[in-house]
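Hi everyone, thanks for coming.

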Amino acid sequence: MASLLFVNEIFASLQGEGAWTGTPSVFVRLQGCLCRCPWCDTKNTWKLGEPNDCGLDFAASKADAPRHATCTGEELLAYIDAHYASIPHVIFTGGEPMLFDLTDVTAALLARGKTVAIETSGTEPVRVAEGVWVTVSPKYDMPGGREVLASALRRADEIKMPVSGPKDLEDLEHRTLPETKPGVLVYVQPVSRDDEATRLCVEAAMTKGWRVSFQVHKYVNMR
Ligand code: SF4
């Protein structure tokens, strides 16, 4: 577990999206993303990380700063043990967390009795321990030019499709779902709480048997 992790921020909150909505969670937001989605609400994570002398206290003390902390997997585990012992669920998000190999650190968290989830765009190989909940939020035709990988879609336990217009629903139906495993949970999530996107999501859920993810944390002003 010697490789370095670049942690943009770490904090505790409730999961506000998808199947784990309402679950107290430690969020570990990793630095770096190549997708460049125009509506991204974490653009401060885009720059690829480099080693620095900022520790995890720095990542825990700020929000939306362009700088990140540097740690090993062991240091991250020790930090979670020390500061978030009562919280049973750990979510790796980003940025794009699959720019890092999280196999060992997620295995160690599972061995501690935590449940563990990652949220990925599906544009990098999924490198996590067996038993980790994988949410793929596929990003097609974004300015970064990254391709969504069939292997990531096959590993997904949950698809969470960001919807800003009808094309996203077509991409979900025709490019995503043919690659997923049976029983995968399917959520459509309106981008930026937009009224028209919300209407499209509700209509699609009602006709296709999908679910709507509403980013509940934003409605109750949580991080
Ligand atoms: S994949 Fe996620 S973090 Fe990366 S640009 Fe898109 S919305 Fe932002």
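So, where is the place of Pro 138? Find β6 and α4: Pro 138 is in the loop between them. Before I go on, keep in mind that this is a predicted model.

Let's stay on Pro 138 for a moment. Is Pro 138 buried or exposed? With a relative accessible area of 2%, Pro 138 counts as buried, because buried means under 20%. Who does Pro 138 touch? If we skip the neighbours within four places in sequence, its contacts are Ser 121, Val 148, Ile 159, Lys 160, Met 161, Pro 162 and Thr 176.

Now look at Ser 137. Ser 137 is also in a loop, the one between β6 (133–136) and α4 (150–155). Ser 137 is buried too, at a relative accessible area of 13%. Again leaving out neighbours within four places, Ser 137 is in contact with Thr 120, Ser 121, Lys 160 and Pro 162.

Okay, on to the cysteines. The unreviewed UniProt entry also has a "binding site" annotation on Cys 33, Cys 37 and Cys 40. Cys 33, Cys 37 and Cys 40 are included in the lining of the largest pocket.

Let's zoom in on Cys 37. You'll find Cys 37 in the loop between β2 (24–30) and α1 (56–61). Cys 37 is buried, with a relative accessible area of 7%. Not counting residues up to four places away in sequence, Cys 37 touches Lys 43, Trp 46, Lys 139 and Met 142. Cys 40 is in the loop between β2 and α1 as well, and Cys 40 is buried, at 17% relative accessible area.

Last stop, the ligand. Which space does the ligand take? The ligand takes up the largest pocket. Around the ligand you'll see Cys 33, Cys 35, Arg 36, Cys 37, Trp 39, Cys 40, Thr 42, Trp 46, Gly 95, Ser 121 and Lys 139. And how does that shell divide up? There are six nonpolar residues, three polar ones and two charged ones.

Note on methods. Residues numbered from 1 in each chain as written. Predicted model: local features only at pLDDT ≥ 70, side-chain atom pairs only at ≥ 80, totals over all residues. Heavy atoms only, no water. Helix = DSSP H or I, 4+ residues; strand = E, 2+ residues; numbered from the N terminus. Buried < 20%, exposed > 50% of the residue type's maximum accessible area, 1.4 Å probe, protein only. Contact = heavy atoms within 4.5 Å. Near = heavy atom within 4 Å. 1 Å grid on protein atoms, 1.4 Å probe; cavity = no way out; pocket = protein on both sides within 12 Å on 5 of 7 lines; lining within 4 Å. Sits in = over half its atoms within 2 Å of the grid points. Nonpolar A, V, L, I, M, F, W, Y, C, P; charged D, E, K, R; others polar. UniProt positions renumbered as here; feature names shortened; annotations may be inferred.
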